[in-house]
Amino acid sequence: MRSNSKPHSPFNTKLILICASVVLFVFLLITTTSSFSKPPISQSHLSNSTHPVDDSEPTPLDCPSLPLTPTCTKTPPSLANALIHYATTNITPQQTLKEISVSARVLEKKAPCNFLVFGLGHDSLMWAGLNHGGRTVFLEEDKAWIEQIKQKLPSLESYHVEYVTKVHQADDLLETGMKEECKVVGDPRFSKCDLALKGFPNEIYDIEWDLIMVDAPTGFHDEAPGRMNAIYTAGLMARNREEGETDVFVHDVNRVVEDKFSMAFLCEGYLREQQGLLRHFTIPSHRSRSGRPFCP
């Protein structure tokens, strides 16, 4: 009896292999797609959990997945301007690195804050950048210099101020500052002390300054205005704040005026540090504690 079965055709074998390959590919595709569609496992479960995760209950997503479109944070304009300015000029700040570092450490703790600077110079953009997000104001005696700086650095806030004193009057002014009316703490606008500067814009007096830098006016010759009034007024503003304390910096303390007036009106007892030609004083509010002596 002859068998009715037919021998397997090579063509049919190839067809079966092709179909099996297609099925396997489809299966892998479905599996891969399914795994990508599952929510990601919370990072906290991977690193912090001490209990096995119950697969029967959905777990909340503790951390959001990364965005498909990456975002970037722009460099703050004050910092960007400072970087570009100092990278493209051969003019450097007047203070040394060690001197700048004293103020920079305080700004690192207090910024953003209110920062008042006597003087507008090549380091002004640096101070504004270090106080990013705060208010940095510059008081300058030279109108022409203000206009020149504004053309190059329009983002800086500066005001023109006038001084009527001369360096050669320093000894007489130091004696004046020892009078009782100069020991009274209050708004400089209403002070009876001849050392108090009263011609600033009103908002300069209304703001409580966290840092004050005295690096102006000019004081290197007898006919220059000198920093006698600036140092005294900086100390008065610091004492007159409602509460807290103000860090006051005086540059060029190798000169007689800056040396004597800073010690007399910012007080040796409030001196925190001297680095090079820069002194750093921390002056507390005298309004928050009545009866506090002018100098400790």
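1. Cys-267 lies in helix α10. In this predicted model, the phi angle of Cys-267 is near 80°, a positive value in a residue other than glycine. Cys-267 counts as buried, because its relative accessibility is 0% and the cut-off for burial is under 20%.

2. Asp-252 is not a glycine, yet it has a positive phi of about 70°. The loop that holds Asp-252 runs between β5 (245-251) and α10 (256-267). Is Asp-252 buried or exposed? With a relative accessible area of 13%, Asp-252 is buried.

3. Two cis peptide bonds should be noted. One joins Ala-111 to Pro-112, with omega near 0°; Pro-112 is placed in the loop between α4 (97-110) and β1 (114-118). Another leads from Ala-216 to Pro-217, with omega near 5°. Pro-217 belongs to the loop between β4 (211-214) and α9 (228-239).

4. The strands form an open sheet of 7 strands with mixed pairing, in the order β3-β2-β1-β4-β5-β7-β6. Which strands stand at the edges of the sheet? They are β3 (157-160) and β6 (271-275); each has a single partner strand, so one side of each is left without a neighbour in the sheet. From one strand to the next, the twist averages 15°.

5. Strands of a sheet pair through backbone hydrogen bonds, in either the parallel or the antiparallel sense. Here β1 and β2 pair in the parallel sense, over 5 bridges. Leu-116 has Val-137 in β2 as its bridge partner. Helix α4 packs on the sheet and touches β1, β4, β5, β6 and β7 (278-284). The direction of α4 makes about 165° with that of β5.

6. The largest pocket holds about 400 Å³ of space. Its lining consists of 25 residues, and those nearest the centre are Gln-94, Leu-120, Asp-215, Ala-216 and Arg-227.

7. How is the lining of the largest pocket divided by class? The lining has 9 nonpolar, 9 polar and 7 charged residues. Among the elements that contribute to the lining, α5 (124-130) and β2 (135-140) each supply at least two residues.

Conventions: Residues numbered from 1 in each chain as written. Predicted model: local features only at pLDDT ≥ 70, side-chain atom pairs only at ≥ 80, totals over all residues. Heavy atoms only, no water. 1 Å grid on protein atoms, 1.4 Å probe; cavity = no way out; pocket = protein on both sides within 12 Å on 5 of 7 lines; lining within 4 Å. Points joined across faces, edges and corners; volume = space filled by probe spheres on them. Helix = DSSP H or I, 4+ residues; strand = E, 2+ residues; numbered from the N terminus. Nonpolar A, V, L, I, M, F, W, Y, C, P; charged D, E, K, R; others polar. Buried < 20%, exposed > 50% of the residue type's maximum accessible area, 1.4 Å probe, protein only. Pairing = 2+ DSSP bridges. Axes fitted to C-alpha atoms, helices over the stretch in contact; angles between N-to-C directions. Contact = heavy atoms within 4.5 Å.
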